[in-house]
Amino acid sequence: MAERRRMGYSMHRKILDEGAVDEMAEKSDSKTSLSEKVKKSMRCSGPRLKNCLLGTVPVVSWLPRYSIRENALGDLISGISVGIMQLPQGMAYALLAAVPPVFGLYSSFYPVLIYFIFGTSKHISIGTYAVMSVMIGGVIERLAPDSNFMIWDNETNSSIIDVTSRDAERVRVAAAVTFISGLFQIVLGLVQFGFVVTYLSEPLVRGYTTGAAIHVIVSQLKYTFGISPVRHSGPFSLIYTVLEVCYLLPQTNVGTLVVSIVAIIGLILAKELNAYLSKKLPIPIPVELLGIVIATVVSWQVDLNGKYGVDVVGLIPSGLQPPALPAVSLFGQVIGDAFALAVVGYGIAISLGRIFALKYGYSVDSNQELIALGLSNSVGGFFQCFAISCSMSRTMVQESTGGKTQVAGALSAIVILFITLWIGALFEDLPKAVLAAIIFVNLHGMMKQFMDIPALWKSNKVDMVVWVVTFILTVLFNPDLGLAASIGFSMLTVIFRTQLPQYSLLGQVPDTDIYRPLEDYNQVRQVPGILIFHSSATLYFANAEMYQDALAKKSGFNITKILSAKKKLEAKRKRHEKKNAKKAKKAAKNNAGEPEKEEKDIAIIEIDAEHDPSLPRAIILDLSPVNFLDTVGVKTLRRIRNDYEEIGVEVLLAGCQTGVVDNLQTGGFFNEKVTKSCLFYTVHDAVLHCQSSRKLIVNLSGGYGEKLSLV
């Protein structure tokens, strides 16, 4: 480090203002018009058509180069492991979506194959996801509640639910909202709107998924206790549901509760064992699969449904459903929910995809990911699937078991197909309480996200507030409204941060061309006679007035008071001149024919060689953090320059980006008197310009013995 400090560094060049830089670099004024850009984008050529095809259907580019020797074994083991894991998760998350469990298997098959063809991430596991499922469940419960399917049973003389009609209608709703969300994703991908995910910051996503996990847990309590609460929808529905569950706790089915407790404890212990032996085992133990197999066998042998009233999965039809058109009549009722599903599903998938892309050194196309997910959902809507996304737990299994390409996902879909065609009917006696237990145990990772709060408190308190507020809004307003409110709050924090930037005066690090805030460094010194003003944010309409106020405060003198005093002085001088003119005119009438006398008492402006020490010679505005200027920002800079130069203080701009210079040009900042010579390439160039110039400073005074106050 000491040797690095001793290394010499020197550079010799002229002081460069913006005009000199434009001349040296030969700035081009030619700009591509909108019509030319459109024509260029519409041109078609062989290479461009090929690139478009390979970009739209990525499997065509990577599958012919697939290395069987390097990737086949890992993808095979990974595909089988993930496929086995998809079975219990698909059935469990179907309960979250309020549709029969077999439709969770369909949602783990069709969309996965579509993503295999169009997706660009090699490691994420596409399929059912808890947050997406509970959002769909909320839509379904709103449009197809149990109360709409009550029929009278003559045998029991009571009302019962027509389960067949209810499930058929719920599948129609799920397919409709899934299809529309897929269309949203396709359209957003085609218009290159993949950057929308940038508005979903990591604290927002983690707070949102944690809040959604609370909804998931509450929605599964009825299967854990064997009760039938009324499912509420809309804001504060979670609170109403919790109160309803507490009210019904005395009606708990003891058999169901025992099954739930045993399943949860068994799954937790098995997962801990799995984690303990993870380094010794080539593939993880399929804990969920073993759990549902054991639970199904026990339920079948003991007849838990018949003897103890434990609710089981019921009929699971073999084979695949024929495609059917989504219910167009439902589109208008689910369009808002579909957009929320599209954004949430894409945000979770692209976030996880980028993590693994960075880890393994390849790129993920954000717009193509939108199209791939959109096609997966829209095509899945024809086959009665519900909306899918990426699962963290399955993705970790796919990566840890050796999965290296999208082939692993395709193999997992084949495993699901095999189960759906021949094995699915064997799980008809599976207790729903076990599926709920699987969901509870799989959510432990999301519950660990509460540890983000103390970590964010230490690193960034604004991000912590975003996390907490997102969590609260999601819990109170449900996942759909909660997401919209959370994004709105996140945008407000951005606005507040740009409205309240840090303003500082810069000083020079001795013997360097480096300038740093005076209050942050002990060895930084202010350049004599020069004020260097710096703002940490861009300058636009929301903070333009604060920028001016901060400059006035940091400068140490009241520019408004000085200008006001000057105007009063000027007005007084004009009145004095007018009074003298009247006296001269009157005297001329009274002394007609006599030679006029010269007036000696008219106010004059004196020019002193010495500059008033209470004012700086120049103010340099460091605009390096500014990435754009709106019309208000340009007017603010023009006003600052006019006001300060009116009292003899030169105002210079430094570090302007090219776009900012263009904004100044189009905003009318420059004129015959104000040229690019007041814009400098760096702060140091502006400082050197001020130190090398020798200008007379104009001081105003009146002939009647009054002097302008500068404080």
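Modeller: Let's start with serine 78: setting aside neighbours within four places in sequence, serine 78 is in contact with Gln398, Thr401, Gly402, Gly403 and Ala408, contact meaning heavy atoms within 4.5 Å. Keep in mind that this is a predicted model, where local features need pLDDT of at least 70, side-chain atom pairs count only at pLDDT 80 or more, and totals for chains, interfaces and linings use all residues. Residues are numbered from 1 along each chain as its sequence is written, and side-chain values use heavy atoms, with hydrogens and water left out.

Biologist: Why is serine 78 called buried?

Modeller: Its relative accessible area is 0%, and buried means under 20%, exposed over 50% and partly exposed in between, with a 1.4 Å probe and protein chains only. So serine 78 counts as buried.

Biologist: What makes α14 oblique to α21?

Modeller: The axes of α14 (residues 254–276) and α21 (residues 432–442) come within 9 Å and cross at roughly 40°. Axes are lines fitted to C-alpha atoms, for helices over the stretch in contact, with angles from 0 to 180 degrees between N-to-C directions. Under 35 degrees is roughly parallel, over 145 roughly antiparallel, 65 to 115 roughly perpendicular, and the rest oblique. The angle therefore makes α14 oblique to α21. Residues making this contact include Val259 and Ala263 of α14, and Val434 and Ile438 of α21.

Technical notes
Helices (H or I, at least four residues) and strands (E, at least two) are DSSP runs, numbered from the N terminus.
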